[in-house]
Amino acid sequence: MIELTNLDKAFGRRLAVANLSLAVPRGEIFGLLGHNGAGKSTAIGMMLGQVWPSRGEVRVGGFDVLTQRTKALQKVGAIFETPVFYDYLSGWRNLEIFSHYTCPVSRQRLAEVVEWVGLTGREHSRVKTYSHGMRTRLALAQALLPNPELLILDEPSDGLDPGGIHEMRQTILRLHRELGLTILLSSHLLNEVEQLCTRICVLHQGHKVYEGTLAEATQTRNCVRLQTGDFPAAVRMLEASGLITGSRDGKYVILAEGTGTDRVVKQLVAENLPVFEIAREDRTLESFYLNLMQQHGGKTPPTLPPAN
Amino acid sequence: MFLYQLRNELWKLFGKKRTYVGFVIFLLAQTLILLLFRFAVGPTRQMTRLLELNGFEPKEYISSLTVATFMLFPIAYLLLPLFVALVGGDLVAKEAEDGTLRMILSRPVTRLRLLAVKWLAGAIFAFFLSLALGLTGLASAACCFPWGHLFVTNPGEPFAVFDAAAGLRCFFAAHLMLSVKAVSIMGLAFMFSCFNVKPATATILAVALIFVSSILQNIPFFSDFTPWFLTYHLDVWRQLLAAPVSWWKVGQSLSLLAGFNLSFFVIGSTAFYVRDIKS
């Protein structure tokens with residue numbers, strides 16, 4: 001659905017996006033992660049033809065955004081971090097204005113979308129009387145009006161309260177399930193991404209540092225948490241017997257290929273080392289992300305929310 | 001689609017309170033000038049003397065039409081450029097500043113199409129503002145002065161007199177040409193608005209350029225270069241209040257203004273086309 005090939009974008013001498021290649025398959029909920037200034041919004045801007053790439057190719061829905069922008073964006077809806085509207089006009093009028101930049105929309109279709117996002121009864125009120133949550137719903141309505149196949153969401157939960165974040169998450173899942181939309185989600189909320197996305201891409205200072213499935217990112221196939229009376233001694237013993245290949249953080253051991261936890265426990269007990277706990281543990285997206293940032297010399301974001 | 005989009009632009013434009021500031025200020029300025037003309041002795045006495053010296057009957061010529069035309073000059077020179085520049089400067093830059101431009105440009109609309117629609121909406125506003133200026137001027141003058149012939153003291157030109165019917169025609173023809181001036185200044189501000197600047201900057205740049213051109217045009221040293229100044233051609237509306245009308249000058253100014261407007265649009269749209277639209 002989206003294909004970026006060797007994309008560069010420089011603002012003056014600063015390279016905001018460097019050699020980015022990315023593929024968002026049809027039907028996926030794809031997460032775009034990165035610190036502030038990592039290049040996420042610039043990449044989205046290039047997908048929408050708002051930012052001109054310095055080099056490379058952007059294709060959306062099979063069309064080149066640079067040369068066939070109108071065709072490429074025909075079935076695309078987008079929401080940006082802070083929903084902005086013409087506050088002095090009604091929600092209904094705003095929807096008419098935005099939708100007419102794509103195609104004429106019938107009153108019936110407008111009413112359907114208004115109902116779908118739960119704004120019925122308030123659609124003729126001025127937008128300046130709307131709460132942040134209602135503005136977000138209106139933003140969603142305008143994104144859904146052209147009957148999109150691809151939805152680009154740039155920080156859609158920004159500024160929402162926990163109830164609003166939950167509602168947005170449910171809405172994204174509903175859009176994916178009921179309408180079969182391909183969704184590109186750029187977010188700082190790692191737990192949101194973890195609950196929604198099937199594939200992710202992590203950007204760091206304009207470079208792609210990871211692209212793959214969420215399962216691959218969080219799965220640590222051979223890593224087990226081991227709680228024993230003497231962890232260093234246990235590691236030495238297990239390494240000597242070839243059951244593990246290494247350890248980390250003073251509590252995890254990496255099992256050798258083909259080794260099960262039962263053999264580890266048996267060995268430790270045989271050597272009179274008490275085993276209090278042994279468990280396979282998947283990483284959270286947060287720990288994966290922070291680890292990735294550390295590997296690439298990045299600072300951790302100061303307001304990173306905890307993962308569930 | 002184009003008409004839908006134009007209608008939407010007009011909704012946006014006429015839905016804003018600040019769009020009406022110009023109309024309100026014009027009305028206030030006209031009322032003030034009218035009161036001065038009605039109750040201060042100076043302007044009426046001067047006009048009476050000039051008419052008598054030239055053998056005209058002051059009672060026939062100091063009319064609502066004459067007063068409405070008299071009111072037109074200060075407003076057309078000082079207030080009109082300011083308000084059309086205010087709207088022209090807002091058209092693109094305000095949307096970029098507010099973030100709605102990014103929402104629009106996530107749609108499959110070309111930048112050129114978007115600018116064309118916006119420019120046309122601005123031109124419609126400028127036309128209606130000029131028309132409103134004439135109508136309110138004539139209506140308010142009619143409240144205090146009787147209907148009669150038209151006497152025009154065109155600054156820097158010989159005075160002109162018209163009978164009531166011809167005067168009314170000239171009055172509205174001058175307003176039609178005034179709308180060309182309004183559209184051109186709006187187009188100038190619109191051009192600046194297409195660059196990555198604040199709306200106020202676009203307005204100030206346009207107004208400053210108009211004032212600088214006007215000042216230079218009026219410096220005697222530059223008298224030989226007068227036809228080179230934009231403001232000289234923006235004053236084409238004054239030609240319609242002269243007797244006889246110099247139609248070749250009108251044609252010359254109109255064709256040059258068409259060229260100026262096209263240039264403003266091309267420069268603005270080129271700047272807008274190469275711009276990155278970011279939050």
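The model is a predicted one, so local features need pLDDT of at least 70 and side-chain atom pairs count only at pLDDT 80 or more, while totals for chains, interfaces and linings use all residues. Residues are numbered from 1 along each chain as its sequence is written, and chains are lettered from A, with ligands numbered from 1, in the order in which they are written.

Chain A comes first. It carries 11 helices and 14 strands, where helices (H or I, at least four residues) and strands (E, at least two) are DSSP runs numbered from the N terminus. Along the principal axes, the C-alpha atoms of chain A fill a box of roughly 75 × 45 × 30 Å. Of its 308 residues, 42% are buried; a residue is buried if 20 or more other C-beta atoms lie within 10 Å of its own, exposed if 12 or fewer, and partly exposed in between, with C-beta atoms placed from the backbone. Take the contacts in chain A with a separation of 6 or more, and 67% of them are between residues 24 or more positions apart. Contact here is a matter of C-beta atoms, placed from the backbone, lying within 7 Å.

Chain B has 12 helices and two strands. Its elements run α-α-α-α-α-α-α-β-β-α-α-α-α-α along the sequence. The radius of gyration of chain B is 20 Å, close to the 19 Å that the globule rule gives for 279 residues, so chain B is as compact as a globular protein of that length. That radius is taken over C-alpha atoms, and the rule is 2.2 Å times the number of residues to the power 0.38. The box for the C-alpha atoms of chain B, again along the principal axes, is roughly 65 × 40 × 30 Å. Buried residues account for 42% of the 279 in chain B. Among contacts in chain B between residues at least 6 apart in sequence, 78% join residues at least 24 apart.

Now for the place where the chains meet. Chain A puts 26 residues into the contact and chain B puts in 24 residues. On the side of chain A that touches chain B, α1 (40-47), α2 (69-72) and α3 (91-99) of chain A each supply at least two residues. The largest share of that side, four residues, belongs to α3(A). Sorted by class, the side of chain A that touches chain B has 15 nonpolar, eight polar and three charged residues. The classes are simple: Ala, Val, Leu, Ile, Met, Phe, Trp, Tyr, Cys and Pro count as nonpolar, Asp, Glu, Lys and Arg as charged, and the others, Gly among them, as polar.

Within chain A, helix α4 (residues 107-117) and helix α5 (residues 132-144) have axes that come within 9 Å and cross at roughly 140°. Axes are lines fitted to C-alpha atoms, for helices over the stretch in contact, with angles running from 0 to 180 degrees between N-to-C directions. The crossing of α4(A) and α5(A) is right-handed, a label used if the near helix is turned clockwise from the far one by less than a right angle, and left-handed if anticlockwise. From α4(A), A:Val113, A:Val114, A:Trp116 and A:Val117 meet A:Arg137, A:Leu140, A:Ala141 and A:Leu144 of α5(A). The residues of this contact are seven nonpolar, no polar and one charged.

Over in chain B, the axes of helix α8 (residues 164-193) and helix α9 (residues 199-218) come within 8 Å and cross at roughly 135°. The two helices, α8(B) and α9(B), are therefore oblique to each other, and their crossing is right-handed. Residues of α8(B) that meet α9(B) include B:Ile185, B:Leu188 and B:Phe192. By class, this contact has 10 nonpolar, two polar and no charged residues.

Helix α2 (residues 21-39) of chain B and α5(B) have axes that come within 10 Å and cross at roughly 145°, in a right-handed crossing. Their contact has 14 nonpolar, two polar and no charged residues.

Finally, B:Val84 sits in helix α5 (residues 64-98) of chain B. B:Val84 counts as buried because it has 32 C-beta neighbours inside 10 Å. Beyond its neighbours within four places in sequence, B:Val84 is in contact with B:Ala126, B:Leu129, B:Ala182, B:Ile185 and B:Met186.

Conventions. Two residues are in contact if their C-beta atoms, placed from the backbone, lie within 7 Å. Angles under 35 degrees count as roughly parallel, over 145 as roughly antiparallel, 65 to 115 as roughly perpendicular and the rest as oblique.
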